[in-house]
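Thank you all for coming.

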Amino acid sequence: MSDITTENRGSKNLFPFKIKVEPRLDEPKGWYSALLSFLAVVVALLVGAALIGFAGGDPWASYKHIAKASFGSVGVFSDTMVKAIPLMLTGLACTIAFRMKLWNIGAEGQFFIGAWGASMVVLLPVLPEDAPRWIFILTMLAFGIFFGALFGFIPGFLKAKYNVNEIISTLMLNYIAVEWNNYFIYAKWSEGGFQMSRMFQRNAWLPRLADYAKEYPIFRGLTTHFGLVFALIAAVVIYLILYKSQWGYEIRLIGDNPHAAEYAGISIRRNIVLVMMLSGALAGLAGMSEISGVVHRLQGSISPGYGFTGIIIAWLAKLNPFAVVVVSVLFGALILAGREIQPTGIPTMIQGVIMVCLIASDFLLRYRIYFARRVEE
Amino acid sequence: MDQINRNEDLERVVRMQGIVKQFPGVLANDHVNFDLIHGEVHALLGENGAGKSTLMNILSGLYKQDAGTIEVHGKREVFSSPRDAIGAGIGMVHQHFMLVPSQSVTENILLGLDEPRFRLNLATYEAKIAEMAERYGLHVDPRAKVWQLSVGEQQRVEILKMLYRGADILIMDEPTAVLAPSEIEELFRTLQSMTEKGKSIIFISHKLQEVMEISNRVTVLRKGKVTSQGIPVEGSSRAELARLMVGRDVVFRIEKKSREAGEVVLSVKDLKATNNKGIRALNGVTLNVRSGEIVGLAGVAGNGQRELADVITGLRKADEGQVVVQEEDITNQSVKVGINHGISHIPEDRTHVGTAPNLSVTDNVIMKNYYQNPVGKGWRIDSTAATDYARELKKAYEIMVPTVKTSVRLLSGGNLQKVILAREISSLPKLMVAVQPTRGLDVGAIESVQHLLLAQREAGAAILLISEELEELISLSDRIYVIYEGKIMGEVKDGNIDKIGLMMTGTQLKEIEEGEISQ
């Protein structure tokens with residue numbers, strides 16, 4: 001009844017068996033899921049190799065170059081991590097929202113507003129220019145998180161109160177965020193007519209490994225900044241919320257079956273607002289860490305779409321906060337090294353192929369495929 | 001003689017014989033015979049699940065029968081799709097309309113037809129449809145968009161759709177269920193005018209009054225079997241039809257200890273509420289349930305049972321009236337307030353409301369106490385305590401599942417219901433609202449669910465049992481209320497199935513008793 005039988009009619013006489021697909025009636029083991037993801041990446045790389053070959057390149061050499069350019073030395077690995085930090089945070093932002101089936105497509109906008117909020121501390125200025133570094137960083141952190149959360153609150157409130165589709169509202173708010181930022185870098189905080197603010201003074205910079213090169217020479221030239229600590233703490237916090245807390249239980253229950261949640265007396269509206277705010281806060285934190293750790297000024301091109309890549313990362317990590325960290329590093333590597341082979345094109349295509357393969361592999365988690373001998377009817 | 005027989009055959013526009021349809025676990029139609037005479041309204045009467053819709057879905061080509069024959073206009077037909085059926089002149093108007101809201105009436109009617117082929121000359125078709133609507137008294141503007149129409153008008157569009165396709169046999173599946181009283185009158189006038197113009201109509205319903213009013217003959221189905229085939233409505237009494245519909249099966253008695261009922265736990269006063277479509281579903285319901293008794297609520301589905309359960313448990317707002325639990329007014333309070341007042345709820349829909357399919361057994365059993373000791377501690381959930389709790393319940397309620405980590409979507413219906421019961425009973429409820437607790441379960445599971453309910457009665461809980469299974473209601477309940485169109489028709493204490501049947505089809509208990517006296 002419930003099983004789907006796929007038959008290749010054309011090959012009826014060629015193969016004495018048929019492929020049967022049926023839903024799994026048991027839970028697959030944990031390692032099976034991991035193995036499947038790994039194999040999916042391998043398949044994707046093979047497809048990518050074919051693509052590179054088709055484009056006239058040498059797949060082996062390209063892959064070797066990608067690996068070398070992203071993991072080949074401490075220096076480049078550090079650069080990979082710099083790329084991975086904002087991805088981790090936006091990936092976590094999407095993870096928590098998607099867990100509740102709240103489709104926050106607005107991590108990009110929340111990232112920009114978080115960056116703007118953090119810049120305000122320096123540029124408005126909120127603090128005197130010579131305030132101690134730790135006060136600067138904590139204040140910028142608080143501002144980034146606060147404005148990100150505020151920007152998440154808007155679509156959350158609209159959905160909870162008026163049932164406005166959050167996909168549309170968060171998507172549109174992205175444009176507002178970018179233009180809001182543009183207004184400030186063009187008009188308010190523009191440095192000498194350039195479309196960027198002035199460089200932040202050093203006490204508003206997140207510490208980098210390179211800053212400690214004097215004490216530890218091995219850190220010389222390493223750009224990895226303190227944002228990594230924020231991201232890792234955030235991953236742990238999101239893990240604790242999702243799997244260990246009562247709030248996380250509510251989120252998972254609403255995500256799986258809102259009717260059941262309502263029946264259990266859980267307020268869905270309240271959680272929509274709170275989860276959107278948490279999601280926005282994480283994306284805002286990503287913006288703050290990027291502005292204070294890497295860019296050191298407010299400008300237009302602070303994000304090559306970190307917020308959108310966060311969506312993909314959350315999906316690929318199967319909404320698991322620790323997997324988000326790992327996937328982000330891989331994507332950071334692809335972004336960094338991909339640019340070395342071709343500014344755009346093949347590397348982006350490989351990203352896409354990986355995603356398709358991983359999502360397709362989900363099918364095997366849900367269904368069993370086996371070969372059955374064809375019985376003559 | 002021969003001549004007469006042939007005339008009779010010509011008159012019979014539909015003749016279904018020995019129709020059998022088996023679904024997994026249910027014999028939906030068991031050698032059903034049915035015939036329809038030219039120009040009549042023939043009612044198909046029966047409870048939910050009696051097999052009315054299955055039979056008509058077979059006639060309209062949606063299902064294929066396992067055995068039996070269909071003759072239309074004296075010709076043997078085998079339908080493999082609704083298109084075939086409409087080709088033979090049979091059109092079905094479903095209970096749920098199948099219209100595109102953003103398109104106009106005309107566009108909806110033309111949808112799926114071969115014409116117009118290339119140029120959409122709407123004006124011509126609009127005129128055609130307007131003329132047809134005029135002829136049958138189906139007043140609707142062919143240019144109006146469907147979303148602008150009332151439910152009654154949308155139904156007319158559905159009828160027009162069938163007429164436009166050349167249907168001369170119309171199947172109406174519970175057409176009055178969605179209509180307001182004034183719209184029902186208009187529908188009946190339309191049906192009348194259609195039969196006068198030579199159409200034949202099959203009218204599916206479980207409302208006796210309407211059946212008596214509109215139809216010429218009636219066929220009654222009960223549990224997939226015909227209990228009376230094509231008897232004329234004139235000359236049959238409501239009581240007789242009600243009995244044919246609900247049957248007179250020997251009620252199996254369950255061992256039930258006699259027990260004095262205690263104080264009133266739930267008291268519902270003059271409750272009014274609307275359903276999801278904004279139509280009044282509860283029209284002043286008053287009832288009470290005392291501790292240590294099972295009170296049944298009988299009624300054909302869709303007469304306000306679900307809404308009543310929702311309002312009591314806090315899932316739906318009441319427009320008027322009161323819900324009092326243990327002398328505290330909890331009308332229109334949140335679900336959590338209800339839970340904290342000791343209300344437990346076995347919902348009608350196990351998979352869509354009662355459980356979260358992709359979460360584990362553990363996560364599903366802690367749904368209502370995740371914030372309380374010992375599972376909830378401070379801000380967190382003690383996963384060891386939760387697992388222990390789930391394991392305990394798994395053992396006590398004999399939930400057949402490898403581990404408590406298994407997702408509940410992998411559980412059978414009976415085991416899923418045990419998960420819900422385990423959760424709802426272990427909270428030691430003062431009041432239990434059980435909606436269709438045994439529906440769709442196998443015999444063994446039904447028995448264990450019933451025993452669990454009786455054990456709760458022993459323990460002193462007040463139980464409101466809402467069910468469409470009359471036998472179950474009668475054998476489990478101490479008293480039974482009957483609900484019809486959002487009103488309580490009366491209360492029986494002796495399980496008199498005739499009275500229940502009459503009340504379920506819309507007769508007040510008072511009227512029944514008056515009738516008995518006058519007889």
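Let me begin with chain A, which is divided into domain 1, made of residues 14–58 together with 346–377, and domain 2, covering residues 83–341. The C-alpha centres of domain 1 of chain A and domain 2 of chain A lie 33 Å apart. Where these two domains meet, seven residues of domain 1 of chain A are in contact with six residues of domain 2 of chain A. On the side that domain 1 of chain A contributes, the residues divide into six nonpolar and one polar, with no charged residue there.

As for the overall make-up, chain A has 13 helices and three strands, and its C-alpha trace spans about 85 × 60 × 40 Å along the principal axes. Of the 377 residues in chain A, 44% are buried. If we look at contacts in chain A between residues at least 6 apart in sequence, 76% of them join residues that are at least 24 apart.

How confident is the predictor in chain A, on average? The mean pLDDT of chain A is 88, and 93% of the residues score at least 70. Residues 1–12 of chain A, however, have a pLDDT below 50, and this stretch makes eleven contacts in the model beyond its near neighbours in sequence. Where pLDDT is low, the predicted coordinates should not be read in detail.

Now let me pick out one residue in chain A, namely Ala333(A), which you will find in helix α12, residues 321–341. Is Ala333(A) buried or exposed? Ala333(A) is buried, because 22 other C-beta atoms lie within 10 Å, and the cut-off for calling a residue buried is 20 or more. Setting aside neighbours within four places in sequence, Ala333(A) is in contact with Ser70(A), Phe71(A) and Thr80(A). The C-alpha atom of Ala333(A) is also 7.8 Å from that of Ile66(A), although the two residues are 267 apart along the chain.

Let us move on to chain B, whose secondary structure comes to 19 helices and 22 strands. For 519 residues, a compact globule would have a radius of gyration near 24 Å, and the 26 Å of chain B therefore agrees with that expectation. The C-alpha trace of chain B spans about 75 × 60 × 45 Å along its principal axes, and buried residues make up 45% of the chain.

Chain B is divided into domain 1 (12–246), domain 2 (264–342 together with 428–518) and domain 3 (359–427). The centres of domain 1 of chain B and domain 2 of chain B, taken over C-alpha atoms, are separated by 32 Å, and their contact takes 13 residues from domain 1 and 14 residues from domain 2. On the domain 1 side, α8 (208–214) and α9 (238–246) of chain B each supply at least two residues, with α9(B) giving the largest share, six residues. By class, that side of domain 1 of chain B has six nonpolar, three polar and four charged residues.

Lys161(B) is buried, since 24 other C-beta atoms are found within 10 Å, and beyond four places in sequence Lys161(B) touches Asn108(B) and Ile109(B).

Finally, how do the chains come together? Their contact takes 27 residues from chain B and 18 residues from chain A. On the chain B side, α11 (335–340), α12 (350–354) and β18 (380–381) each supply at least two residues, and by class this side has 15 nonpolar, nine polar and three charged residues.

I will close with the largest nonpolar core, which has 250 residues, and in which Leu89(A), Leu465(B) and Val482(B) touch the most other members. The largest share of this core, 13 residues, comes from helix α10 of chain A, residues 268–295. Among the residues in contact with Leu89(A), leaving aside those within four places in sequence, are Leu282(A), Ala283(A), Leu285(A) and Ala286(A).

Conventions: Residues are numbered from 1 along each chain as its sequence is written. Chains are lettered from A and ligands numbered from 1 in the order in which they are written. This is a predicted model: local features need pLDDT of at least 70, side-chain atom pairs count only at pLDDT 80 or more; totals for chains, interfaces and linings use all residues. Domain bounds come from an automatic or database domain assignment. Ala, Val, Leu, Ile, Met, Phe, Trp, Tyr, Cys and Pro count as nonpolar, Asp, Glu, Lys and Arg as charged, and the others, Gly among them, as polar. Helices (H or I, at least four residues) and strands (E, at least two) are DSSP runs, numbered from the N terminus. The radius of gyration is taken over C-alpha atoms; the globule rule is 2.2 Å times the number of residues to the power 0.38. A residue is buried if 20 or more other C-beta atoms lie within 10 Å of its own, exposed if 12 or fewer, and partly exposed in between; C-beta atoms are placed from the backbone. pLDDT is the predictor's confidence in each residue, from 0 to 100. A nonpolar core is a set of buried Ala, Val, Leu, Ile, Met, Phe, Trp, Tyr and Cys residues joined through C-beta atoms within 7 Å.
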